[in-house]
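The model is a predicted one.

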Amino acid sequence: MTDDARRHAPATQRNREPILAVLRQELPASGGCLLEVASGSGEHAVFMAPRLPGWSWQTSDADPAARASIQAWAAAEGLDLPPPLAIDAQNDTSWPAGPFQALLCINMIHIAPWQASIGLFTAAGRLLPAGAPLILYGPYKRDGQHTADSNAAFDADLRARDPRWGVRDLGDVAALAATHGFGAPVVHEMPANNLTVIFRKL
């Protein structure tokens, strides 16, 4: 924690450059408005938004303290970001009307009930036009197996904290995506046994 409203998530320092590289590759060249779901501290937004010309960045988080952190980081960096939205992925009435040209969700679906994943894909299916990406980042199981011992330990820790949490299997996420009008995932291997997964609206 800093001495103001800004929160600090150490992982953002490690993963922001690799995630930005994927965004530059996968986001439509025409630009548009990107909705970041569960923006957390806001550190990803203030790092990436100025580095993606042509894109406006809309942050969001269900936690009021996180929204305060986002605004404090934007002010500290001198960025004119729109105020963060109070989106609870599990609550369908909390989503904006859209449309958006991309949705980004970093490190949420394993630290939330499965209902949050359902809500995310339900909203993304409504808010995104054909061809637009829903971009997820985090750890995943593949074919029912963890990809690293560290992910297995992380999964056990998450489930001990809340049995509704846990590292999701990519096959389950892809099946959910398909029911909401998304194609098969494009997978980018990332550092520290994480994945960036791109689902495009059909």
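Two strands count as paired if DSSP finds at least two bridges between them. By that rule, 6 strands make up an open sheet of mixed pairing, in the order β2-β1-β3-β4-β8-β7. β2 (55-58) and β7 (186-190) are the edge strands; each has a single partner strand, so one side of each has no neighbour in the sheet. From one strand to the next, the twist averages 20 degrees. Within the sheet, β1 and β3 run parallel and are joined by 4 bridges. Glu36 has Leu104 in β3 as its bridge partner.

Helix α1 (residues 10-26) packs on this sheet, where it touches β2, β3, β4, β7 and β8, and its direction makes about 155 degrees with that of β7. α4 lies across β1, β3, β4 and β8 and runs at about 155 degrees to β4.

α4 (residues 114-127) also packs against α6 (residues 170-179), at an angle of about 40 degrees and with the axes 9 Å apart. The crossing is right-handed. Trp114, Ser117, Ile118 and Phe121 of α4 meet Asp172, Val173, Leu176 and Ala177 of α6. These contact residues divide into 6 nonpolar, 1 polar and 1 charged.

The largest nonpolar core has 31 residues, and Trp95, Leu103, Leu120, Leu134 and Leu136 have the most contacts inside it. Elements giving two or more residues to this core include β1, β3, β4 and β8 as well as α4 and α6. α4 supplies the largest share, 6 residues. Leu120 touches, among others, Val37, Trp95, Leu103, Leu134 and Leu136. Apart from this core lies another, of 24 residues, including Ala45, Leu52, Leu104 and Ile198.

Conventions
Residues numbered from 1 in each chain as written. Predicted model: local features only at pLDDT ≥ 70, side-chain atom pairs only at ≥ 80, totals over all residues. Heavy atoms only, no water. Axes fitted to C-alpha atoms, helices over the stretch in contact; angles between N-to-C directions. Left-handed = near helix turned anticlockwise from the far one by under 90°. Contact = heavy atoms within 4.5 Å. Nonpolar A, V, L, I, M, F, W, Y, C, P; charged D, E, K, R; others polar. Core = buried A, V, L, I, M, F, W, Y, C linked by side-chain atoms within 4.5 Å. Buried < 20%, exposed > 50% of the residue type's maximum accessible area, 1.4 Å probe, protein only. Lists of a residue's contacts leave out its neighbours within four places in sequence.
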